[in-house]
Amino acid sequence: MHFTYCPHCGSRLIQKEIGDEGLLPFCEACSVPLWDMFTTSIIAAVVNEQNEIALLRQGYVSASSYVCVAGVMKMGESAEDTVIREVKEELGLTVEKLHFIRSYPYEKKEMLMLGFLARVKKEDFVLSGEVDAAEWVSLKQAPDRLRQGSIAWQLVKSVQKMA
């Protein structure tokens, strides 16, 4: 989100040099700089003990590609708690072990995605209403089911190197 007006008082912002940050939107009335904002979310490679990954179909995300579990962090929630909640909500699975992989800036959607490997026991899925379908796929074959270069594809390629 790029600010034009102050979210506190509604004044039109000016550009002001702020130390080594350079020019930033600045509210003269409130005396505050306003950095661009982004949504923080998680993306998780959900992998079972047989080295299979859960890949999802979500029509509102992509009609042609599979995706990994992902979701927006709620206020007061840690990234780890978000992964645990999203895996439970979307797939009905309990995360047993978590490992942070890396962060992925997603400028198109003004998001920062925090990538995790989430280890679970293989069980049948209990899908939420936002998931059209899910299946267990061998970790080796997973990149072929994802959109090449996507954040999910990058995450799975990183997880493959660890396996």
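1. Burial. Of the 163 residues in the protein chain, 40% count as buried (under 20% relative accessible area; exposed is over 50%, partly exposed in between; 1.4 Å probe, protein chains only). This is a predicted model: local features need pLDDT of at least 70, side-chain atom pairs count only at pLDDT 80 or more, and totals for chains, interfaces and linings use all residues. Residues are numbered from 1 along each chain as its sequence is written, and side-chain values use heavy atoms, with hydrogens and water left out.

2. Overall dimensions. The radius of gyration of the protein chain is 19 Å, whereas a compact globule of 163 residues would be near 15 Å (taken over C-alpha atoms; the globule rule is 2.2 Å times the number of residues to the power 0.38). The C-alpha trace spans about 60 × 30 × 30 Å along its principal axes.

3. The protein chain has an accessible surface of about 9,500 Å² (Shrake-Rupley method, 1.4 Å probe; for residues, only the protein chains shown count as cover). Carbon and sulfur atoms account for 51% of that surface. There are 18 positive and 22 negative charges, and their mean positions lie 6 Å apart. Lys and Arg count as positive, Asp and Glu as negative; His and the chain ends are not counted. Each charge is placed at NZ of Lys, CZ of Arg, CG of Asp or CD of Glu.

4. Secondary structure. The protein chain has two helices and nine strands (DSSP runs numbered from the N terminus; helices are H or I with at least four residues, strands are E with at least two). Their order along the sequence is β-β-β-β-β-β-α-β-β-β-α.

5. Take the contacts between residues at least 6 apart in sequence: 57% of them join residues at least 24 apart (contact means heavy atoms within 4.5 Å).

6. The E1-E2-E3 sheet. Three strands form an open sheet in the order E1-E2-E3, with antiparallel pairing (two strands pair if DSSP finds at least two bridges between them). Strands E1 (14-18) and E3 (32-33) are the edges; each has a single partner strand, so one side of each lacks a neighbour in the sheet. Five of the six residues of E2 are buried.

7. Pairing and hairpins. E1 and E2 share five antiparallel bridges. Lys 16 has Leu 24 of E2 as its bridge partner. The E1-E2 hairpin has three residues between the strands, and Gly 19 there takes a positive phi near 45 degrees. Strand E2 (residues 22-27) runs antiparallel to E3, with two bridges. Phe 26 is bridged to Pro 33 of E3. In the E2-E3 hairpin, four residues separate the strands, and Ser 31 has a positive phi near 55 degrees.

8. Glu 52. This residue lies in strand E5. Glu 52 has 16% relative accessibility, so it counts as buried. Neighbours within four places in sequence aside, Glu 52 contacts Val 46, Val 47, Lys 122, Trp 136, Val 137, Ser 138 and Leu 139.

9. Ser 64. The loop between strand E5 (52-57) and strand E6 (69-72) holds Ser 64. Ser 64 is exposed, at 60% relative accessible area. Ser 64 and Leu 146 are 82 residues apart in sequence, yet their C-alpha atoms are 9.1 Å apart in space.
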